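User: I have just opened this one and would like to walk through it with you. Could you keep it plain?

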Amino acid sequence: MNQPGATRPRRKRAYTLRGVATPFRILVVEDEPVIRELVRSLLSESDCQVEAAANGVEGLKLARTQSFDLILLDVVLPQMDGITVCRMLKADPATAKVPLHMLTAKAKKSDVEAAERAGADGYIHKPFRGAELLDLVTQLKAKRPGG
Ligand code: CA
């Protein structure tokens, strides 16, 4: 019988080995080396492991063969554009749950609309501030199993 106010045995919080042992892994898909390096240098200080791909095909391949905690995806990419990559990742149950944020040009409203239609979890306007990126990572880290 459930008595009001009775303390229920608390379930122990399940810490996954993965959450404790692995760093926060980010995939950045961006054809501009300067931006790839910027992301890498911004995030390397915050306990993140950053993998980079220079085009859509390579990005899709990495996203499907490794596990990531966040994918940052540029819109305009060689070989396969970011919107297509996003749509494919979000259509695949194996990758659909990975937080995916598009890197979009601020001036282009169409970029944002296309990102939303493709199922992106959010977007970061280029040029972005380091603090913006770090905030996003901090938020996602907090949501991750095991912290
Ligand atoms: Ca680009």
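Predicted model: local features only at pLDDT ≥ 70, side-chain atom pairs only at ≥ 80, totals over all residues.

User: Which other residues face each other between S1 and S3?
Analyst: Ile-26 stands opposite Leu-70 in S3, and the bridge partner of Val-28 in S3 is Leu-72.

User: OK, step back. In what order do the strands sit in the sheet?
Analyst: The five strands form an open sheet in the order S2-S1-S3-S4-S5, with parallel pairing. The edge strands are S2 and S5, the latter being residues 122-126, and each of them pairs on one side only. From one strand to the next, the twist averages 20°.

User: What packs on that sheet?
Analyst: Helix H2, residues 33-44, packs on the sheet and touches S1, S2 and S3, with a direction that makes about 170° with that of S2. Helix H3 also packs on the sheet, where it touches S1, S2 and S3, and its direction makes about 160° with that of S1.

User: How do S1, H2 and S2 go together?
Analyst: They make a right-handed β-α-β unit. Another right-handed β-α-β unit is made by S3, helix H4 (residues 82-91) and S4.

User: Back to S3, then. Is that strand enclosed or open?
Analyst: Strand S3, residues 70-74, has five of its five residues buried, so it is largely enclosed by the rest of the structure. Leu-70, Leu-72 and Asp-74 point one way from the strand, whereas Ile-71 and Leu-73 point the other way. In a regular strand the side chains alternate between the two faces of the sheet.

User: Now H3. Which of its residues are buried?
Analyst: In helix H3, residues 56-65, the buried residues are Gly-56, Gly-59, Leu-60 and Ala-63. Seen down the axis of H3, these buried residues fall within an arc of 100°, so they line one face of the helix.

User: What covers them, and what is on the other side?
Analyst: The cover over the buried residues of H3 includes S1, S2, S3 and H4. On the face of H3 turned away from its buried side you will find the exposed residues Lys-61 and Thr-65.

User: Switching topic: how many helices and strands does the protein have?
Analyst: The protein has six helices and five strands, and from the N terminus on its elements run α-β-α-β-α-β-α-β-α-β-α. Of its 147 residues, 27% count as buried. Among the contacts with a separation of 6 or more, residues 24 or more positions apart account for 60%.

User: Why does Ala-131 count as exposed?
Analyst: Ala-131 has 9 C-beta neighbours inside 10 Å, and a residue is counted as exposed at 12 or fewer, so Ala-131 falls in that class.

User: Last topic: what about the backbone in the loops?
Analyst: Most residues other than glycine have a negative phi, and most peptide bonds are trans. In the loop between S3 and H4 sits Gln-79, whose phi is near 75°, a positive value in a residue other than glycine. With 14 C-beta neighbours inside 10 Å, Gln-79 counts as partly exposed.

User: And which peptide bond is cis?
Analyst: The peptide bond from Lys-126 to Pro-127 is cis, with omega near -5°, and Pro-127 is found in the loop between S5 and H6.

Notes:
Residues numbered from 1 in each chain as written. Buried ≥ 20, exposed ≤ 12 C-beta atoms within 10 Å, placed from the backbone. Helix = DSSP H or I, 4+ residues; strand = E, 2+ residues; numbered from the N terminus. Pairing = 2+ DSSP bridges. Right-handed = clockwise from strand over helix to strand, strands pointing away. Arc of directions from axis to C-beta. Contact = placed C-beta atoms within 7 Å. Axes fitted to C-alpha atoms, helices over the stretch in contact; angles between N-to-C directions.
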